[in-house]
Amino acid sequence: MKQIVLVGVQGTKRTIYFEKAAALEGAELEFVDWKDWDAWAERCERTNTCIKIDPFLYQSGNLEEMNHLVGEYHEKLMQMKAVGEQHGSFYLNEPDAIWSVLDKASCKDVLRQAGCAVTHSFGMAPHTAERLLDKMREEHIVSVFLKPVLGSGAAGVTAFRVQRSTGRMVLYTCAAVKEIEEAERAEELREADRGVGTSHVRKKRILVNTKHLMRMEDEAKIRQYLDILLPVGCLMEQWYPKEKLGDATYDLRAVYQFGQLDYVLARLSKGPITNLQLNNHPLAYEELGLPVAVRADIEELCRAAASCFPGLRSVGIDILLERGSRKPRIIEMNGQGDLLYQDIYNKNVIYRRQVSCMMAPAYGR
């Protein structure tokens, strides 16, 4: 019998509800905590194993450290790819496929070249507030979304608008500026060498991810925020008017698996950033009252996008519907975007289908 291995974090809802799905489907499941992966991989000699990779839980909310942490994750994924090749194991989503959509810039390039409708990109944003404002003036851009290329969970995602006639600014974000003390390490070491017991400390401002959407209108604070965010490396994208339901705007999280659309959830918000981790309001797609043709368009877009990334058998796709036309456009893709509370607390369709497909005799061949 084929064995399924889940690599994740003990006690999370991802782990608990995947285990429940495996039990309901009668699957043999082994759980491996991320912290134990290296030891498990060294002693693994089994074949006919199918592995699901759930994400790390990053211990730091500091956006400045994000690129380093994601870089470490990339190394882990490449190690996992080598283990699979060595032992003849299969993956729900291949490690390199997960990475290929984690990088927002390269993912969008692949989708655009394949003719998939995506949100328009102005390229990489400059690294300072002043240069960003210059670029917006030169290209007659009044509003943008700024997204860290390697971020997730709305970390650092920023909606920014400048009124053309007055220059007034407004910015929305879930990242807060925090001041920390940082030792000036080189000087501290020199002092230690001389036997002096003092160290020099300086103040440093960082951005810390929160679960609360904030609005800024003070220009000095906005510039300060942007000067901290932009060096991380951000995509600069068009700010689209999203479709509305009542007084809320919304976009969609679609979960596309094994060639079919398994779940679509609307994410409603009073602000421009709709990620559910910000305590926004989820709503079943069916309650939007959209025409059947709109869902057909969404499914076709998901099919075309998923086909661009071989080895990505389950993918979460964030989609906006343009206000008025309801044309679907891909905001971003997530190779580990399969956790929806509205599903796990109901029929657990997403995880049960993953288990069922992973157990199939022909899977991975």
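Author: Helices (H or I, at least four residues) and strands (E, at least two) are DSSP runs, numbered from the N terminus. Ala-23 lies in helix H1, residues 13–25. The model is predicted, so local features need pLDDT of at least 70 and side-chain atom pairs count only at pLDDT 80 or more, while totals for chains, interfaces and linings use all residues. Residues are numbered from 1 along each chain as its sequence is written, and side-chain values use heavy atoms, with hydrogens and water left out.

Reader: Why is Ala-23 called exposed?

Author: Buried means under 20% relative accessible area, exposed over 50%, and partly exposed in between (1.4 Å probe, protein chains only). Ala-23 has a relative accessible area of 61%, and is therefore exposed.

Reader: What makes the aromatic pair of Tyr-172 and Trp-239 edge-to-face?

Author: Rings of Phe, Tyr and Trp (its six-membered ring) pair if their centres lie within 6.5 Å; planes under 30 degrees apart count as stacked, over 60 as edge-to-face and the rest as tilted. The structure holds nine aromatic pairs. In the pair of Tyr-172 and Trp-239, the centres are 6.3 Å apart and the planes stand at 90 degrees, which is edge-to-face. The pair links distant parts of the chain, 67 residues apart: Tyr-172 is in strand E8 (residues 169–183), and Trp-239 is in the loop between strand E10 (234–238) and strand E11 (244–245).

Reader: Why does Tyr-172 count as buried?

Author: Tyr-172 counts as buried because its relative accessibility is 14%. Trp-239, with a relative accessible area of 13%, is buried.
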